[in-house]
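Below is a short briefing for a reader new to this structure.

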Amino acid sequence: MTEDFDVDELGFNPAISATGADPQEAPQRDRASSSLGVRRRPRRAVWRRRFASGVVLLIALIGMGGAYALFASSSGANTATSTAADVAAGQQLYETSCITCHGNNLQGVNQRGPSLIGVGGAAVYFQVSTGRMPAPGQGAEMTRKEAKFTDEQISQLEAFVQAHGGGPETPTGNLRDTTLSLGQGGDLFRLNCASCHGFSGAGAPLSAGKLAPTLKHASDTQLFTAMLTGPENMPVFNDNQLTPNEKRAIIDYIQTLKESNDPGGSGIGRIGPVSEGLVIWVAGIGAIVLIIMWIGAKS
Amino acid sequence: MTHSTANVPGPDELREMSPEEAMLVGAESGGVHVVHRRERYPIPGTKAEKRAERGVSFMFGLAALAGVAFIVVFVAWPYVYHLPGEGSQRFRFYTPLLGGLLGLMLLGLGFGAVLWAKWLMPEEEAVEERDDEPSPDEEKLMTAATLSVGFEDTGLQRRRMLVGSLALAGGALATVPLVALVGALIKKPGNQLAHTLWGQPPEKYPNGVPVIYSDGRRVSPNDIQAGGLATVFPGVPGGITSANTPTLLIRLRPNQSVKSRKGQADFGWGDFVAFSKICTHAGCPASLYEQQTTRLLCPCHQSQFEVLQDAKPVFGPATRPLPKLPLGIEVVDGTQYFVGRHDFVEPIGPAYWERP
Amino acid sequence: MTATRERETASEPRSRRNQPRTLLGKTGEWFEERLKVARPTRHYLNKVFPDHWSFMMGEIALYSFIVLLLTGTFLTFFFDAAMGEVRYNGSYQPLQGVEMSQAYASTLHISFDVRGGLVIRQIHHWAALMFIAAMLIHMGRIFFTGAFRKPRELNWIIGVSLIVLGVIEGFAGYSLPDDLLSGTGLRIADAIMLSIPIIGSWVSFAVFDGEFPGTAIVGRLYIVHVLLIPAILLALITVHLALIVRQKHTQFPGAGRTESSVSGERVYPIYAAKAGGFFFIVFGVLAALGGFAQINPIWLFGPYNPAQVSSGSQPDWYMAMLDGSTRLFPSWEIHGLFGRYTVPAVFWPTVVLPTILIGLALAYPFIEARLTKDRAKHHLLQRPRDVPVRTSLGAMALTFCIVLFISGGNDLVASAFDISLNAMTWGGRVALIILPPLAYVLTYRICLGLQRHDREVLEHGVETGIIRRLPTGEFIEVHQPLGPVDDHGHGELNYAGASVPKRMNQLGTGALRHARGFFRPVVEKPEIAEKLAEVEESEEASDAAERRDKIAVELEEVEAERRQLTD
C-alpha cells in the first residue's frame, strides 16, 4: 500500500523508507513520481517550505527568550531585605539538605560539620552557589561542583542562616566598581591572594591534599563572599582589614585578567615555566628531531 | 694534508681536463675520494626535473611572499594593548602573525635549501682520509729539541734566584688583578643579617615600632577576624620595601593556643601572633595560610610550619621555626594599634655559616 | 656521467695569462693575490661530513645560539638594567600607576610599546630554552655512542662547560626583568650563596652589594648576561667547532667505514646547503614558537616585591632539577659545628649535588678510560647496546635527573592529577633512591637482549614472513641469510659493530639500499634507467670505464681495510 508521503517534509533522508523499501536502492526517478509511490515535490517549493519553517523557529526562539528575559525574576542579586517567608522556606531547605551535618540548631555536629551560627548569609551564598555544599561526603577538600539549588533557594537559605546568628551578608550592586585603579587592585591581589591562588588565578595545592582552587569559574559575588568569609582553609579578610573598596578592586583585577587577551599568542595555561618547558621539549625539540631525521634520510 | 702529491697532474694537464675531472683530482690531492657521484637528472629537461625545480622554487617564492607579508603586518597591523571593551582586540594577533610569517619565511628558505640539495644537486658520497697517523719521528724530535733548547736558553733550570723571584712575581700577577677588579665588590656582612628594621632604638620609638599595612595604615586588633591574616610591616622609613621585614599577623580562634618556645611566651597579644614571613629555608614568603589546620605553607619548596607550635617546621626541607615578632599595643586617640616591641630575637630567613 | 656543459669550456683554448673571467673567479683571484688561499679553500670546501641525523643535534644548539645573539642584540637597545623605582605609564592598563623598577618597566615597554618587541623577546626566550635542550640531547648522543673517547675528551670538557655556562646565562637572562617570579628565584639564589660554609655571607654581600636585594644586582647580571658569558660561550663554541674540523667527525660503523676515514658528503655545495637550510629551519621553528606560544608573561607576574610570592613558582625548565633537589632534600641541617657554626640544609642539594654531578660529567671520559683500560684512539662510534654498562649508567643518570625535574614542578603535578602535595614529596624522595638502580638493571638487560638478537639474525638470517609447509607437515618460516652459510645453514658473518638489517627492505648497504627516501621509497623508473644506460654509452666509453675502474679499486681498498678491522 503506497501513500502520498512527502519525504522532503522530513528534512532528512530516512534510513528506512516510509514504505519499507530501501532508499539506497531507489534508482534515479523523474520529478513527478516514483515507482515506490513517494511523491517528490518540485525543488523551489521545498526550499520555500524550509525557509518558512526556519523563520517560524527563529520567531519562537526569540519570543521565548524575550519573554523569559522580561518576565523571569532577576537572578543573583540578593536584596538586602528578606521576608519571613524566605526564612521559613530556607528552614525547609535546611532541614532537608543540611541538618544531618550542621545540626538542628545550626550548632554543628561533631566530626561532620561546623557550626553555622554567625557565619552569615555570605558564607551560605559562597558555599551553596559554588556547589560545595551540600557536601557529598567528608574529605580533605570540598571542590567546586554544579550548584544544587537555584538562586532563589540560595537566598532563602541565606535568610535562614542570617536570621539564626547573624554574620556578614552577601553584597549587592556592582562589585567591580572601585575607586582604586586596576594596578592597585593587582597589587593587593598579589600581596594577599597570589600566594595561594597563583598570579593568574590558576590555583595551587595546599598541604596534604587540600587545594586553593582556580578562580576561573568564580563570579564577582563568589569572589567577594569568599574573601569575606574565609571558606575552609582560606583566611578571613573582613571589611576592616580589606575594605569593600579594596575587595572590589581585587575583584575588578581578577575578572579583568580573566577576560583579557594574551598579547603573545596562546597563553598555554598561564602557569609559567612548567608548561613552557613541556612545549619546548614536545613541540620544539620534537618537531626539529623529526625534521633532522628527514634531512638525514637518503634520497 | 699532503696526500698523493706524487699524482697531482701539472697545470697543462688540468686545463685539458673537464672541470669535473679537475675537481675530482683536486679532491684526491687532499685525501678526499668521491666514490659515488651521479646527477639526479642526467637527461636535462625532463618533467621530473622541472617538477623538482618548481618545488624548490615554490619554497623560495613562499618565503619571499611571507617576507613581504611580514613587513606589511609589521607596519600596518594594530599592536596597542587594550582591555576588552576599551579598544580593538586585534593586537592579540600581532605577535602571532609576525612570528608565523617570519617562521614561514625562514622555513621556506630552510626547506628550500634542503630540498635543493636533496632533489636537484648531484648525489654524492665521498670518503676522506683521516690523516690520523702520529707526526713522523723527525718532526717530534725537532720539536722536542726546539722546546728543550729554548728552555735551556732561559736558564731557569740553573738560575735558582731567578726562578724564585719569578715565582713570587707570578704569584703577585695572579692575585693583584683579582684584588683590584674584584676587591671593591667585597663588603663585610657584619651582623646585618641578624637584624631587621623592626629593631629600632627605643629613644626613637618609645612605645614600640608601629605595625602598618602595605598602604601605610596602622593595624588595629579589630581589623582582623579570627582565622584571618595580614601581611604587615614596620612603620619606619624603608620598612615596606625591605626584604627582611614582611611579617604575618595571624588571629587565631579563641580556643586555639600557641605552644611557645622558651622565652617567647609573651610575644603574642590576645589571640594574635606574628611571625616573620620570610621562610627559614630559602627566603620565599611563606604565606599560604591554611586557617583551619593552622599551617603555613611555603610555595617554593613546600615547607610547612605549624602555627600552634610557634611556627615549627613540620614538613619539607625547612629546619628552623619562623622567628616570632613580639607584639604590643599602643593606644592612640582611644584606638588600640599594634606595635612591635623589639626586633626578632634571632636572624630571619635562610641560615648562614656564622648564624648566631 | 655528467651533463655536457663543462665540455665546451674545456675544449676552448685558454689565454696565455690564464686570467679568470667569471665574477667568482675574479673574487677568488683578489683574495689569492693577498692571502694565498687556493689550497686551503679547496681543503675546507672538500671536507667530508657524515650525514646521520643524530649528528645534527649539536647544530640545533649552535643555530639557537646565533638566534639568541641576534634577538638579544635587539633587546639590548631597549632594556634598561637599572633598579630605580618608577611609576608605570605605558599601554598595559592593569599595571598603570604601579611602582616598579626601571628594568621591569623597560621590559613592559618592549613587550607592549615597541613594534615587534614582544615577538623578538619571545623568540629570544624560546631560543634559550631550545639552546639548552639541544645541548642536552647532543650530550646524550655523544655519551651513548662513545664519541667522547680519545681523542675527543677535550671537546667533551668544552661541551659540559658550555652546558653549565648556558644554564647560568639563562638564569641571569630571565632574572633581568626583575619580575615577581624571577625575583623569587634570585631570593633563593641568595639563600644558596648564604649557605656556603665560611664565605657564604661574604659571597652574598659581594654579589648583591649588601643585603638582598639591593640596587645593583640587575645591572651586574646584565653585564654578565650580555658581555661576559656570551664572550666565553663564543670562544668555547669556536674551539669546539675547530676541534671537530681538525679531528674530523666520528661516524657509525658500517660498510666502507673504517677508523682511518670518514665518509659522507663534501661541504660544498651539498652539505652547506643542508646545513644552511637547517639553520633557517631552526630559526623558523623558533620564530613560530615566538609568535604562537606566549612565554614569560611578566605583566601577569607583577614587579618583584619581597613580601609577595605566587604559588606554582618555578624557574625555567633547565633549573627545575635544582628546584626538585631542594624540594626533596630532607630538613637536615648541621648546627653547632666547631661549637657555633651552621651548615644550612640548602647547601647540599644546591651546591654540593650540582658540583658532584658536573664533576662526574667532566671526569667521565677519563674514568671510563681508566676502568676499561682503553687507550686507543676511536673514530668509530659504538651502538649503545654494545656498551651495556655505559648505556645503563647513562639511563640511571637520566632517571635520576628526570625524577628531579618532575619534583621541581611537583606542586603543579599534584594539582593536575589530584595527588597530595606531601605524597608528591615523599614519592619523589623514594623514587630518587629506588628508580635509578632499577633503570640500570632494566637497561642492562635490554642491551644484552638487543645484542643477542643482532647475533641471532646474523646467524639465522632475516625473517621473511613467508611461511612454508614442509611435506612432513611442519610449518617453517623462511629466513634470508645475510651472507655465506656453513653446512648447518648458520651464517658465518661476525658482528662488526654496524646495525644489522632486521627486515627484508633493509637489505643492501648505503646507497644501494632498496628502502631509500623518508616518506616513500625512492624507486627509479625503468624508463629512466634505460635512458641512463644510453647516455652513458654515448659518452666516451674509455673515459667512463677508466673512472669506473679507478673507483672500483678504491672501493676494494676500503673493503679490505674493513675486513681487516672486523677480523
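Helices are DSSP runs (H or I) of at least four residues, numbered from the N terminus. This is a predicted model, in which local features need pLDDT of at least 70, side-chain atom pairs count only at pLDDT 80 or more, and totals for chains, interfaces and linings use all residues. Residues are numbered from 1 along each chain as its sequence is written, chains are lettered from A in the order in which they are written, and side-chain values use heavy atoms, without hydrogens and water.

**Surface patch**
- Helix H6 (residues 160–182) of chain B gives the largest share of a nonpolar patch, three residues.
- The patch is made up of B:Leu178, B:Leu181, B:Val182, B:Ile186, C:Ile198, C:Ile199 and C:Trp202.
- Patch residues have over 30% relative accessible area and no salt bridge, and nonpolar side chains (Val, Leu, Ile, Met, Phe, Trp, Tyr) are joined within 5 Å.
- B:Leu181 lies in helix H6 of chain B and is exposed (over 50% relative accessible area, 1.4 Å probe, protein chains only), at 68%.

**Helix H9 of chain C**
- Buried residues (under 20% relative accessible area) of H9 (residues 200–208) include C:Gly200, C:Phe205 and C:Phe208.
- After H9(C) comes C:Asp209, with a positive phi near 55°.

**Chains A and B**
- In contact (heavy atoms within 4.5 Å) are 33 residues of chain A and 40 residues of chain B.
- Two salt bridges (Lys or Arg side-chain nitrogen within 4 Å of an Asp or Glu carboxyl oxygen) are counted between chain A and chain B.
- B:Arg217 and A:Glu246 form a salt bridge through their side chains, at 3.8 Å from N to O.

Conventions: Patches are made of residues with over 30% relative accessible area and no salt bridge: like charges are joined within 9 Å, nonpolar side chains (Val, Leu, Ile, Met, Phe, Trp, Tyr) within 5 Å. Accessible areas come from the Shrake-Rupley method with a 1.4 Å probe; for residues, only the protein chains shown count as cover. Helices (H or I, at least four residues) and strands (E, at least two) are DSSP runs, numbered from the N terminus.
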